[in-house]
Amino acid sequence: MRKVFLWGGIILACCSVPVAAQAPSRFNVRDSISLERIYDLNGHSASDRSEFALFSPDGTMFVIETRRGSMADGELETKLYLFRRTVNDGGHWAVAGVAFRSKASREEQIPNGFVWISNSDIGFLKPDERGRFQAFAIDVQSSRLRQLTHSRTSVASFAMSGKTLVYYAYDEAPAIAAAHAVTNQNIREILAPPPTNSDTLSLYSSSLSSSGSTRKIGPSVYLAWPYRQIWPAPDGRFAVTLWPAIDAPSEWADYRVRDYAQFSFSPERRRSDPTSKDLSFRHRYVLIDLRTGVLRPLIDAPTGFFSNNGTPRKVFWSTDSKSVIVSNTYLSLIGVRPEERVLRTRYPATVEVNIETQSLNLVLRESGLSDEDALQNKRMAFRIDDLSFDGARLTALRTSRNPQSDALEQHSDRYQKTGDTWRLLDTRLAKKGPAAPFLKSGLNERPKIFEITSMGPEVIFDPNPQAERYSFGRVEAIEWTDPAYQVRWKGSVTYPPGHKLGQKHPLIVQTHGFNPTEFLTDGPDGSSSAMAAQPLANAGFVVLQVEDNSQAMSDRANEVDRFVEGYRAGIAHLVQRGLVDEANIGIIGWSRTGLYTAMLIAKYPKLMKAATIADSVQPGYLTTNLLLLGQGPDVYGDIAGLSVTRPGSPLQDYVADPFYNLAKTETAVRLEADTGDNGRPDALPMWETFAVLKRAGRKVDFVVFPDGSHSQMMPRERLESQGGNVDWFSYWLMGKRSKSIATTTDYARWDALGSRQ
């Protein structure tokens, strides 16, 4: 592993010259790694659409989580900034200090799951002295840290109500046998080193009183990371959680979920084993009696996850713990009128459940979009962005289109219960209030936290004031239409700093998303594998960032080719505008879009001078016939559906698969793969692409990250990935040896590749 050092000269210069007196300095990958990023409550890079402020129960304080990399020691620092209302200037929010900080040398050491457990304590997960994640609490006044759980295995999630603690913990790994039969494992699981924990979980409840005991609740389950939330009642008697939807009744096949052929609750997808990975995304809400350890379905229906309507999962208990409101759930299809049944098959809902009687009261019907709607290019009527509950009224932040202007508007809808019926109390255009700090950013505006005052919006937190000294390329939003499928595409163009009208530059296409309110420094939504928009722009490239187009994705049979033609049309659009040199074009595909990128350079072998495919599933024989064996039907069906040749096809059919036209490409291809996630050999899906290119004598470089992750997070891996790509494209598109991270050995290897053709 290469050693990375901070440049002392830069530090001295920053200390001796006022920032205002400095000329803007070029923004590079090291600068990007050192930026302090605000994270949302789900542990993702925050945007203007995400929840980022974690308020204390009494509303007098909130914290935000930030992370920044240190190139000096290769560690990632996490901070919790504490905000309070000031007393003497009108009660504005201001930073009161840092409530918690830690540094991690590996991604699996990063603390997570921050939550207020009282008006003075914040709970979270972090490694104990044995390296196993446990629940801890820190007092924001005294900074006193105490450990809440002492599980023999790592804790995956937790929640508290009074003295009652409820948590999921990993089961202990089974003993390693001298031999075992392969049943439902896939090849990755067989090749991986033995895990320290099982990948199944058990649910526990515990009392924090001196005589408290710990109780295991229900059988072991398999729950993927986003679905481990627990919501205990205020009195600590009950809790709600998500649970694998075992033994799904036959009528559940009538729910009109998106991508029905893959994600429906059809009979062949029915499972009785709660540890089955075939149920990875198939859940229902369940109610747990924490006194008896008994759990039962809260609603006789699955969650609305497969509706893809975007409604956040929210659970609100009444103050007396007698009822609970849950969002994004389908409703039972039994015993209802035909017209109501049709609505229930199409649209999830937010409902209130009476704990004693198990009766349901509809609060609001949510939106949805079926496959039939998508094929007719219909749009979802509205989207629920957030839900909140004050004990009497439920407020839904709803985004919909103005019927006259077609512009998106956000409304605040308030619902109140009258008798046994919830009714819409009022609706109004949503406005930011003094009690709601908000994150604001734009294509050319760095993210900062604001509040509304009598003087208008005012900044209360700028995570990176030092960034004023950097030169950032100007960004503009663009649209284009591909002539092959007539799909309308959106994206952005980042210009090199100092760009002048009439100048042409080499072009880098970045993929996998576009947010018109994001200040794009690396990849979309904070992704940081390979993509480095602003460092690339500062190196002299025009960067085209392309959305994940929902219309292109709606046609599964042609999804890959629709994206190929969308990327190609975007390039042609910029060439026509005279912005880019059509002889020097590169592209970066990551994850799902790596598949599109492979097919693009296979279909158009001379279009791209260089490309990077980072940590992606590739569509060849190795993936569809070997790696997918033993995967669950959801993963299997999704990937297999994108391949031209279907799993199980005769070997000779692969001869005609366009994927193998990669052997004719003239593009210099950089492949990146990590082998760090759960110790699994994730380089396998990329191996066939590498082998096809290598055996055909093409220009291909394969970079493997032993401690990497799908979206690189740690400083050294980010530098190797992002900095390596700045060097890669500078070499092939500009003929420059930029040496952002590349060494003499790297350039010698690339020189040898160039001499092949």
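User: In this predicted model, the expected span of a helix is taken as 1.5 Å times one less than its number of residues. How far apart are the end C-alpha atoms of helix H14 (residues 715–734)?

Analyst: Helix H14 has 20 residues and, at 1.5 Å a residue, should span 28 Å. The separation of its end C-alpha atoms agrees with that expectation. The value is 26 Å.

User: How many of the 20 residues of H14 are buried?

Analyst: A residue counts as buried when its relative accessible area is under 20%. H14 is largely enclosed by the rest of the structure, because the buried residues among its 20 number 17.

User: Which residue follows H14, and what is its phi?

Analyst: The residue after H14 is Gly 735. Most residues other than glycine have a negative phi. Gly 735 has a positive phi, near 70°.

User: At what angle do H14 and helix H15 (residues 744–754) cross, and is the relation parallel or oblique?

Analyst: The axes of H14 and H15 come within 12 Å and cross at roughly 40°. Angles under 35 degrees count as roughly parallel and 65 to 115 as roughly perpendicular.

User: Which residues of H15 meet H14, and how does the contact divide by class?

Analyst: H14 passes H15 in a right-handed crossing. From H14, the residues involved are Gly 724, Asp 727, Trp 728, Tyr 731 and Trp 732, and they meet Tyr 747, Trp 750, Asp 751, Leu 753 and Gly 754 of H15. By class, the residues of this contact are six nonpolar, two polar and two charged.

User: How are helix H9 (residues 559–576) and helix H10 (residues 592–603) oriented, parallel or perpendicular?

Analyst: The two helices pack with their axes 9 Å apart, at an angle of about 70°. Angles of 65 to 115 degrees count as roughly perpendicular. H9 and H10 are therefore roughly perpendicular to each other.

User: What is the handedness of the crossing of H9 and H10, and how many charged residues does the contact have?

Analyst: The crossing of H9 and H10 is right-handed. H9 contributes residues including Glu 559, Asp 561 and Glu 565, while Arg 592 and Lys 603 are among those from H10. Beside eight nonpolar residues and one polar residue, the charged residues in the contact number five.

User: Where is Leu 628, and how far is its C-alpha from that of Asn 186?

Analyst: Leu 628 sits in the loop between helix H11 (621–627) and helix H12 (633–642). With a relative accessible area of 3%, Leu 628 is buried. Leu 628 and Asn 186 are 442 residues apart in sequence, yet their C-alpha atoms are separated by 7.1 Å.

User: Is Ile 122 buried or exposed, and which residues is it in contact with?

Analyst: Ile 122 belongs to strand E8 (residues 121–127). Its relative accessible area is 0%, so Ile 122 is buried. Leaving aside neighbours within four places in sequence, its contacts are Val 63, Leu 80, Phe 114, Val 115, Trp 116, Phe 136, Ala 137, Ile 138 and Val 140.

User: What is the phi of Ser 321, and is this residue buried or exposed?

Analyst: Ser 321 lies in the loop between strand E19 (315–317) and strand E20 (323–329). Although Ser 321 is not a glycine, its phi is positive, at about 65°. At 6% relative accessibility, Ser 321 counts as buried.

User: What is the phi of Asp 525?

Analyst: Asp 525 is in the loop between strand E33 (505–510) and helix H7 (533–538). Asp 525 is a residue other than glycine with a positive phi, near 55°.

Conventions
Residues numbered from 1 in each chain as written. Predicted model: local features only at pLDDT ≥ 70, side-chain atom pairs only at ≥ 80, totals over all residues. Heavy atoms only, no water. Helix = DSSP H or I, 4+ residues; strand = E, 2+ residues; numbered from the N terminus. Buried < 20%, exposed > 50% of the residue type's maximum accessible area, 1.4 Å probe, protein only. Axes fitted to C-alpha atoms, helices over the stretch in contact; angles between N-to-C directions. Parallel < 35°, antiparallel > 145°, perpendicular 65-115°, else oblique. Left-handed = near helix turned anticlockwise from the far one by under 90°. Contact = heavy atoms within 4.5 Å. Nonpolar A, V, L, I, M, F, W, Y, C, P; charged D, E, K, R; others polar.
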